[in-house]
Amino acid sequence: MGKTGVNYGAINKDNTTMNKSRHLEEDVEQSEQLLEQLGYKQELQRKLSLFSTFGLAFANIGIVCNTSATFQTVLQRGGPVIMILCWNLVSMFMICIALALSEICSLYATSGGVYYWTFEQLRSHPRGRANAPFIAFATGWTYTLANIISIGANNVIIAMSIASLIEIVWDYQLSKVQIMWIAIIISCIHGFINTINLDSLAVLNQWNVFWSCGGLVLIIILLTTKAEKHQTLEWMFTDYENRTGFDSPFYVTILGMIGAAYSMFGSEGAAYASEETKNADVANPLAMTMSIVASWLVGFIFLVTLLLSIQDIDALLDSKLDMPVAQLFWDAVGSYGAIGFLMLIIVCQFCTGAASTTTTSRMVYALARDHAAPYSDHLKSVNRHKLPGNAVWFCVSIACCFVIAPFPLSDNAFEIIISGTTISTHLAYAMVLGCRLAVKPYLTRKGRFSLGRLSTPVTWIAFIWALFAVFVFTLPTELPIVASNFNYSSVALLASIVLTLTFWYTYGAKHYVGPRAANDDI
């Protein structure tokens, strides 16, 4: 009789699988216990891994698409030399913001994000406690409005890319009204995806990472090998273009910062999936920091590749395509190269739009859960897929009605949308970081993600940059100043502040007292 064989390899494999499963269950249980300590019960599905959450943050930033969308604008405000300078300078400030917010996220790992962080920090200050509800309410709605504007901006970019694709292929130019309807349809698709399946969102976010990086490699290979000519590094670091009408290079440089500032915000989107992420108090801060560093590197490589491949800078600056950067590909490698590039942009930006809708709806869900929004019971409800469907459609509806629908009304509508979302987001950053600095001496706890001694200087740098950005991005962008080129973002900022204050005094002051413990059913 032969010996009975024992497959030790199979046993070891089974043990490894069981240990891995046990660790995942422990991560989920630990995250749920932390959430309960913060006063909330687990209602959403906690299925996202570190990489999925990183993908969400990276997709929310949308680096390749947003740098493409603002490429012509920045090129007109200083040319290649200012574009490269501003990209690296602003990126360092945005990395500081991400690090400072990551540290706070580790301490308060809930879907409330900046809104919840503001309240909890002020509650630690003996004199700030009384004002905590108002400041948290204002921070939450300022940031939510900024993200709703961002949803609209994102989907307008997709629609503009589709319009450019149609113009190149069929030589037919879509009207602004047609572009508006395309953006609205895309917004509705994002809403549908966000209400049916969390797994599909995770796949989209991970796909976006590989698609962006893989697409970048293909772009580098294509432009490096197929372009008829290439610019020199000396030209890239010295060529200065100015179509603003302003004479001061310093002022033009400030105007040129808008491209990088718009392209690089959004890493904190990972925080809004804290209640759906395993090991959230570590995974989410890491995802935020990793995504912003990856975006800086990917964006830098992308911009250098584009700049060195410019064939005719005047043709690019004067391009009438809805997505002007496609002109660069058309000039360098022909219509097929431009078509391929636009398809890449459409896919990547579609993933970014889905991620933006996810993060913004979680913010609305958190506000409603704490009775900081009208119709709270309706907005905080979770559908049969354990997703906040009503909050999703609220965000989509507001974006369509108040951001996308006005798009045909102005030739500078896209620039206004970009400036509006950048300014509002930085205002929210300044509010939460200012609170952090004010209460830091009174905070006794730290999260598992901590900057140690670097915490205070990094937070100060981030805070000063946020205030600076709010101010400078409301400045005039062209001379002479007329109605068609006026920077209406200052008006949008004022309207946002007035709307938030009105909202507080008519609703918030009567109903909102701060985050409420769901476990107590208050």
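This report walks through a predicted model of one protein chain, from the whole fold down to single residues.

## The big picture

Let's start with the overall make-up. The protein chain has 20 helices and 0 strands. Out of its 522 residues, 60% are buried.

Helix H5 runs over residues 79–107, which makes 29 residues. From its first C-alpha to its last it reaches 42 Å, close to the 42 Å you'd expect at 1.5 Å a residue. Is H5 mostly covered or mostly open? It is mostly covered, with 24 of its 29 residues buried.

Serine 91 sits in this helix. Its relative accessible area is 0%, so serine 91 is buried. Setting aside neighbours within four places in sequence, serine 91 is in contact with Cys86, Met264 and Trp296.

## Helix H17 and what covers it

Now for H17, residues 389–404. Why does its length make sense? With 16 residues at 1.5 Å a residue, H17 should span 22 Å, and its end C-alpha atoms are 21 Å apart, which agrees.

An α-helix has 3.6 residues a turn, so residues three or four places apart point the same way.

Valine 364 counts as buried because its relative accessibility is 0%, and the cut-off for buried is under 20%.

Leaving out residues up to four places away in sequence, valine 364 touches Thr144, Leu379, Ala391, Phe394 and Cys395. Valine 364 and lysine 380 are 16 residues apart in sequence, and their C-alpha atoms are 7.9 Å apart in space.

## How H18 meets H19

H18 packs against helix H19 (residues 455–472) at an angle of about 145°, and the two axes are 8 Å apart. The crossing of H18 past H19 is left-handed. On the H18 side, the residues making contact include Ile423, Leu427, Tyr429, Leu433 and Leu437. On the H19 side, they include Thr459, Trp460, Phe463, Trp465 and Val470.

What kinds of residue make this contact? By class there are 14 nonpolar, 5 polar and 1 charged residues.

## Loops worth a look

Between H7 and H8 there is a loop that holds aspartate 171. Its phi is near 55°, a positive value in a residue other than glycine. Aspartate 171 counts as exposed, because its relative accessibility is 69% and the cut-off is over 50%. Lysine 386, in the loop between H16 and H17, also has a positive phi, near 60°. Its relative accessible area is 46%, so lysine 386 is partly exposed.

Proline 408 is in the loop between H17 and H18. At 26% relative accessibility, proline 408 is partly exposed. Its contacts, beyond neighbours within four places in sequence, are Lys176, Val177 and Met180. How far apart are the C-alpha atoms of proline 408 and valine 177? They are separated by 5.7 Å, although the two residues are 231 apart along the chain.

One more proline to find: proline 480, in the loop between H19 and helix H20 (489–511). A cis peptide bond joins leucine 479 to proline 480, with omega at about -10°.

## Valine 282 in H12

Last stop: valine 282, in helix H12 (residues 280–308). With a relative accessible area of 22%, valine 282 is partly exposed. Leucine 107 is 175 residues away along the chain, and its C-alpha atom is separated from that of valine 282 by 9.5 Å.

Key. Residues are numbered from 1 along each chain as its sequence is written. This is a predicted model: local features need pLDDT of at least 70, side-chain atom pairs count only at pLDDT 80 or more; totals for chains, interfaces and linings use all residues. Side-chain values use heavy atoms; hydrogens and water are left out. Helices (H or I, at least four residues) and strands (E, at least two) are DSSP runs, numbered from the N terminus. The expected span of a helix is 1.5 Å times one less than its number of residues. Buried means under 20% relative accessible area, exposed over 50%, partly exposed in between (1.4 Å probe, protein chains only). Axes are lines fitted to C-alpha atoms, for helices over the stretch in contact, and angles run from 0 to 180 degrees between N-to-C directions. A crossing is left-handed if the near helix is turned anticlockwise from the far one by less than a right angle, and right-handed if clockwise. Contact means heavy atoms within 4.5 Å. Ala, Val, Leu, Ile, Met, Phe, Trp, Tyr, Cys and Pro count as nonpolar, Asp, Glu, Lys and Arg as charged, and the others, Gly among them, as polar.
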